[in-house]
Amino acid sequence: MSFQQVFEKIIDFVREQPDRQYNLIVGSDSFPGEETVFVTAIIIHRKGSGGRYFYRKIKHEKVDSLKLRIFTEASLSLEVAEALRSKLSENGVSRLPVEIHLDIGKNGATRSLVKEVIKMIVGSGYIAVTKPDSFGATKVADRHTN
């Protein structure tokens, strides 16, 4: 599907029940193999009633550095979030809050990157969500990295 088609599906989903509350979530994850696979997911969550998601998979030459992979994931999520924000404002639906879910947390190998990556996301005007609450990256995008 094209980005425009995904956007239209999101808007249609919201218009089905316009009085409900929604979160628009963008999350990315990666898997390093012979090449590194980056997946960015867009989730439209209807609070209390599930949601729908869409994803994009990009294959890249092998990225061995964890720091570079995490910052690439965050950059890919920001790129998609910016495109969504722009389309939302064009279509008068800018009230949808956009969250960026990050595959980082205060425990584990990524703990040294948490502050830097959160500053990058928040400084760009988005809500940053980390582990264990960042299901957009750790569950949805992760599901499609293999």
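The model is predicted, so local features need pLDDT of at least 70 and side-chain atom pairs count only at pLDDT 80 or more, while totals for chains, interfaces and linings use all residues. Residues are numbered from 1 along each chain as its sequence is written, and side-chain values use heavy atoms, with hydrogens and water left out.

Start with the cores. A nonpolar core is a set of buried Ala, Val, Leu, Ile, Met, Phe, Trp, Tyr and Cys residues joined through side-chain atoms within 4.5 Å; buried means under 20% relative accessible area, exposed over 50% and partly exposed in between, using a 1.4 Å probe and protein chains only. The largest such core has 30 residues, and Ile 10, Leu 24, Ile 44, Leu 84, Val 117 and Ile 121 have the most contacts inside it. At least two residues of this core come from each of helix 1, strand 1 (22-32), strand 2, helix 2, strand 4 (98-101) and helix 3 (114-123). (Helices, H or I with at least four residues, and strands, E with at least two, are DSSP runs numbered from the N terminus.) Helix 2 supplies the largest share, eight residues. There is also a second, separate core of seven residues, with Ile 25, Val 39, Ile 43 and Val 140 among them. In soluble globular proteins, nonpolar side chains tend to be buried together.

On a 1 Å grid over the protein atoms alone, a cavity is a set of points where a 1.4 Å probe fits but cannot get out, whereas a pocket is an open set with protein on both sides within 12 Å along at least five of seven lines; lining residues have an atom within 4 Å of a point. Points are joined across faces, edges and corners, and a volume is the space filled by probe spheres set on them. The structure has one cavity of 30 Å³ or more, and the largest cavity holds about 50 Å³ of space. Its lining includes Ser 28, Ile 70, Asp 103 and Val 117, and helix 2 (residues 66-90) gives the most to that lining, with four residues. Val 117 is also in contact (heavy atoms within 4.5 Å) with Ile 70, Phe 71, Ala 74, Leu 102 and Ile 104, leaving aside neighbours within four places in sequence.

The largest pocket has a volume of about 210 Å³. Helix 1 (3-16), strand 2 (35-46), strand 3 (51-61) and helix 2 each give two or more residues to its lining.

Asp 103, from the cavity lining, is found in the loop between strand 4 and helix 3. Asp 103 counts as buried because its relative accessibility is 16%. Its side chain joins that of Lys 131 through a polar contact of 3.3 Å. (A polar contact is a pair of N or O atoms within 3.5 Å; within protein, one must be able to donate a hydrogen and the other to accept it, and residues adjacent in sequence count only if both atoms are side-chain atoms.)

His 144 lies in the segment after helix 4 (135-143) and is buried too, at 14% relative accessibility. The His 144 side chain makes polar contacts with the side chains of Tyr 53 (2.8 Å) and Tyr 55 (3.5 Å).

Asp 142, in helix 4, is partly exposed because its relative accessible area is 36%. Asp 142 and Ala 41 are 101 residues apart in sequence, yet 9.1 Å apart in space, C-alpha to C-alpha.
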